[in-house]
Amino acid sequence: MEQITKVWLGPLPADSPYVKPFRFYYVQNGKEKNWDLLKVHDSVSIVLYNTTRQKLIFVKQFRPAVFHGIVTTDGGNVDNVDLKKYPPSLGCTMELCAGIVDKDKSWNDIAREEVLEECGYDVPVERVEEVMTYRSGVGSQGSKQKMYYCEVTDADKSTSGGGVDDELIEVVELSIEEARKMVQQGSDNNSPPSCLLGVMWFLMNKAPKQ
Ligand SMILES: Nc1nc(=O)c2ncn([C@@H]3O[C@H](COP(=O)(O)OP(=O)(O)O[C@H]4O[C@H](CO)[C@@H](O)[C@H](O)[C@H]4O)[C@@H](O)[C@H]3O)c2[nH]1
Ligand SMILES: [Mg+2]
């Protein structure tokens, strides 16, 4: 699915549109301190539930940062890494449908667009409900993510999804029981906390009571 054939590293160009590193200085309790941080885009995530088939909809994709973390924690060198020893599938994650806020559009419109681009469901923006906001990576980035909830049906499906431009995204459907297991027992699918939070929120507030 991920189709990765080669991996290597390089320095971060100063004009990256995605991450800008800074050293932040401040005086606290009379003492000068500093903190190294990364400015990254804010983002939206969407808990998607298909009521026709009673499935939660997730996206699976190769995440370079996760692959890097796995290889280096294991003591490996990512630069020109041996992909037989470290298969790229190690860096694939199960996530909520999500996207960065990098356009001159409302957050709700961006959430609606991600549902269409990544998962293929074409819904009017009114059907995308705001749930909560939180901060990710508070030690290094502190970016805001707003979580949404959207119920979809098979009739809303207009494309197979999979992302735009060069994105390679797999749409994955889980039953409520399978999603419950993911947060009860944990799993080895590299899910970020935002995805686990979204599933727990759904189970507490939306899942049909048994
Ligand atoms: N981030 C990035 N760095 C690059 O160097 C980089 N180079 C190219 N790109 C392109 O930017 C687009 C980013 O895709 P999305 O808008 O769908 O955003 P996500 O990657 O899904 O990230 C969100 O959702 C995650 C899960 O909740 C959260 O962890 C993130 O914080 C949150 O932003 C893709 O077209 C990708 O090809 C980069 N994107
Ligand atoms: Mg995305």
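Biologist: How many bridges join S1 to S2?
Modeller: There are 10 bridges between S1 and S2 (residues 31-40), and the two strands run antiparallel. Keep in mind that this is a predicted model.

Biologist: Which residue in S2 is the bridge partner of tyrosine 25?
Modeller: That's asparagine 34.

Biologist: And what about the turn, how many residues sit between the strands of that hairpin?
Modeller: Two residues lie between S1 and S2 there, and asparagine 29 in that hairpin takes a positive phi near 55°.

Biologist: What comes before S1? Where does tryptophan 8 lie?
Modeller: Tryptophan 8 is in the segment before strand S1 (19-28). Its relative accessibility is 57%, so tryptophan 8 counts as exposed.

Biologist: Which residue lies over the face of tryptophan 8?
Modeller: Lysine 6 does, at 4.8 Å from the ring centre.

Biologist: Where else does a lysine lie over the face of a ring?
Modeller: At tyrosine 121, where lysine 157 lies over the face at 4.7 Å from the ring centre.

Biologist: Switching to the metal. What coordinates the magnesium ion, ligand 2?
Modeller: Ala98 through O and Glu118 through OE, at 2.1 to 2.2 Å. The pair links distant parts of the chain, with alanine 98 in strand S6 (residues 97-100) and glutamate 118 in helix H2 (residues 107-119), 20 residues apart.

Biologist: Is glutamate 118 buried or exposed?
Modeller: Buried, because its relative accessibility is 3%. Alanine 98 is at 22%, so that residue counts as partly exposed. The cut-off for buried is under 20%.

Biologist: In what sense do S3 and S6 pair?
Modeller: Antiparallel, over four bridges. For one bridge, isoleucine 46 has cysteine 97 in S6 as its partner.

Biologist: Okay, aromatics. How many aromatic pairs does a search of the whole structure find?
Modeller: Five. One of them is tyrosine 49 with phenylalanine 202, a tilted pair at 4.9 Å centre to centre with 50° between the planes. Tyrosine 49 lies in strand S3 (residues 43-50) and phenylalanine 202 in helix H4 (residues 193-205), so the pair ties together parts that are 153 residues apart in sequence.

Biologist: How far is the ring centre of phenylalanine 202 from that of tyrosine 149?
Modeller: The centres are 6.1 Å apart and the planes are at 45°, so this pair is tilted. Tyrosine 149 lies in strand S8 (residues 143-152) and phenylalanine 202 in H4, so parts that are 53 residues apart in sequence are tied together. Tyrosine 149 counts as buried, at 0% relative accessibility.

Biologist: Which residues form the aromatic cluster?
Modeller: Tyr49, Tyr149, Trp201 and Phe202 form one cluster.

Biologist: What about the largest nonpolar core, how many residues has it?
Modeller: It has 20 residues, and those with the most contacts inside it are Val47, Leu56, Phe58, Met182 and Phe202. The elements giving two or more residues to this core are S3, strand S4 (55-62), S8, strand S9 (170-175), helix H3 (176-184) and H4. The largest share, five residues, comes from H4.

Biologist: Now a loop. Where is the place of glutamate 126?
Modeller: Glutamate 126 is in the loop between H2 and strand S7 (129-136). Glutamate 126 is exposed, with a relative accessible area of 64%.

Biologist: Last one: which residues does the UniProt annotation "domain: Nudix hydrolase" cover?
Modeller: According to the unreviewed UniProt entry, residues 39-196. The end C-alpha atoms of that span lie 24 Å apart, and the span is 23% helix and 32% strand.

Notes:
Residues numbered from 1 in each chain as written. Chains lettered and ligands numbered in written order. Predicted model: local features only at pLDDT ≥ 70, side-chain atom pairs only at ≥ 80, totals over all residues. Heavy atoms only, no water. Donors = N, O, S within 2.8 Å, 3.2 Å for Na, K, Ca; no water. Buried < 20%, exposed > 50% of the residue type's maximum accessible area, 1.4 Å probe, protein only. UniProt positions renumbered as here; feature names shortened; annotations may be inferred. Phe/Tyr/Trp six-rings, centres within 6.5 Å; stacked < 30°, edge-to-face > 60°. Lys NZ or Arg CZ within 6 Å of the ring centre and 35° of its normal. Pairing = 2+ DSSP bridges. Core = buried A, V, L, I, M, F, W, Y, C linked by side-chain atoms within 4.5 Å.
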